[in-house]
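Here is a short note to read alongside the model. Please keep the 3D view open and find each residue as you come to it.

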Amino acid sequence: MRYMATYDLMETIRNTNQWLGATARTMASYPALAAIPNPALTWMAAWGEVTERTFERMVVKPDWDIHAFTCEDGKDHLVEIKTVVEKPFGNLIHFDVTGRKEQARKILLVAPMSGHYATLLRSTVKSLIVNCEVYVTDWHNARDIPVSAGKFDVEDYTLYLMDFMRFMGPETNVVAVCQPAPLTLAATAYLAELDPDAQPRTLTLIGGPIDPDATPTDVTDFGNRVTMGQLEETMVQRVGFKYKGVGRLVYPGLLQLSSFMSMNADRHGKAFRDQIGRVARGEASDYDAHNRFYDEYLAVMDMPAEFYLSTVERIFKNCEIAKNEFVVAGHRVDIGKITRVAVKTVEGANDDISAPGQCVAALDLCTGLPPEKKAAHLEPGAGHYGIFAGKSWRNNIRPLVLDFIDANAAKPRAVAANVA
């Protein structure tokens, strides 16, 4: 079982750092040492607290933290997260606001499988739940999926999306964020061909690499700088003995996180040094800005190796979606088969992951769609995360997406007030 020790070694290093942090915090906080006026002990305790939390949250799935919602009646209604479709590699979940009338807008929010949990879209969900029925693809951590569950690659991902769309019905409005945009486009096209009555009403693609070569970035051009053999040898490992998926080939979340952190090492280093200082001065809290961000950012999940490798090879290297040559289960998917699903693309002018031009390429592929069913938006000043979270999303993009959904609804109606 190749690389088994390497996976366990990474987990050992993480666990050791967590233990060192806990030890430093505990020793420096020993009551007898309080009589010694040594600021080094305060800094040691602060370093230990930040270090322990940092390495502990790397293996913890964040909570959605969406428990209640104040509706138009002025009352707080509980939000129940229900699993409506359960599958080995990911579930479809529904944020059900109890006691509220079912909303006309039904949205399927397709979350990325790119190293973080679906909870990365927490703020997106909160903004949409105001006046929409929100469903989210909740992908599982590959380390927890037994080998007996089989493989999961880009074709399986596409088939999962088709099943989710079929379940939700033709009144669904699909919103795909970043990585899943190309496969969501393919799933919609395949559904339009195989089961036209089940295809969604609208499709919104946000910052996705439909055509990575349209405007290459360091991220999207990565696949062209390495061979598939190099990726398989250096990025793929087998899950260690600690988890249910022992022996499964994965692209480890910890390895992905190290890549994320190295891209902005100076900024992250400063953020942690500043946080240690705040803890030492008693200015930090569990839910301060640093912890809110890093509780999510550091929580990573393993991806199935076949999904990671097929994404790099077929989406980025071979550009099968961009060339309209994508094949699922031996069948070539023709994106031109989309003839009645309204398609909108959203890009950020400052997006350094999926640069402007990559996502809007989807509209040229929809050759069977009339112009009035196509729309595109470029958000000035917005980076990658800004186009689905933050002020750009809440104040500008979200209202445009809802307007687009309403304009293509069976019975157009007035749009509810925007979320501030």
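A word to start with: a cavity is a set of grid points where a 1.4 Å probe fits but cannot get out, and its lining residues have an atom within 4 Å of a point. Rolling a probe the size of a water molecule over the atoms shows where empty space is left. Please also remember that this is a predicted model.

1. **The cavity.** How many cavities of 30 Å³ or more does the count come to? The answer is one cavity. The largest cavity holds about 100 Å³ of space.

2. **Its lining.** Which of the elements gives the most? That is α1, with three residues.

3. **A nonpolar patch.** Now turn to the surface, where Trp19, Leu20 and Trp47 form a nonpolar patch. Together these residues have about 340 Å² of accessible area. Trp19 belongs to helix α1, which covers residues 4-28. Is Trp19 buried or exposed? Trp19 counts as exposed because its relative accessible area is 53%, and the cut-off for exposed is over 50%.

4. **Lysine 317 and aspartate 213.** Lysine 317 sits in helix α11, residues 305-317. Its relative accessibility is 24%, so lysine 317 counts as partly exposed. Follow the chain and you will find lysine 317 and aspartate 213 to be 104 residues apart in sequence. In space, the distance between them is 9.2 Å, C-alpha to C-alpha.

5. **Cysteine 319.** Here is a backbone angle to look up: cysteine 319 has a positive phi of about 50°, although this residue is not a glycine. You can find cysteine 319 in the loop between α11 and β11 (327-328). With a relative accessible area of 3%, cysteine 319 is buried.

6. **Alanine 329.** Where does alanine 329 lie? Look in the loop between β11 and β12 (331-332). Alanine 329 is not a glycine, but has a positive phi of about 50°. Its relative accessibility is 60%, so alanine 329 counts as exposed, whereas cysteine 319 is buried.

Conventions. Residues numbered from 1 in each chain as written. Predicted model: local features only at pLDDT ≥ 70, side-chain atom pairs only at ≥ 80, totals over all residues. Heavy atoms only, no water. Patch = residues over 30% accessible without salt bridge, like charges linked within 9 Å, V, L, I, M, F, W, Y side chains within 5 Å. Areas by Shrake-Rupley, 256 points an atom, 1.4 Å probe, with all protein chains shown as cover. Salt bridge = Lys/Arg side-chain N within 4 Å of Asp/Glu carboxyl O. Helix = DSSP H or I, 4+ residues; strand = E, 2+ residues; numbered from the N terminus. Buried < 20%, exposed > 50% of the residue type's maximum accessible area, 1.4 Å probe, protein only. 1 Å grid on protein atoms, 1.4 Å probe; cavity = no way out; pocket = protein on both sides within 12 Å on 5 of 7 lines; lining within 4 Å. Points joined across faces, edges and corners; volume = space filled by probe spheres on them.
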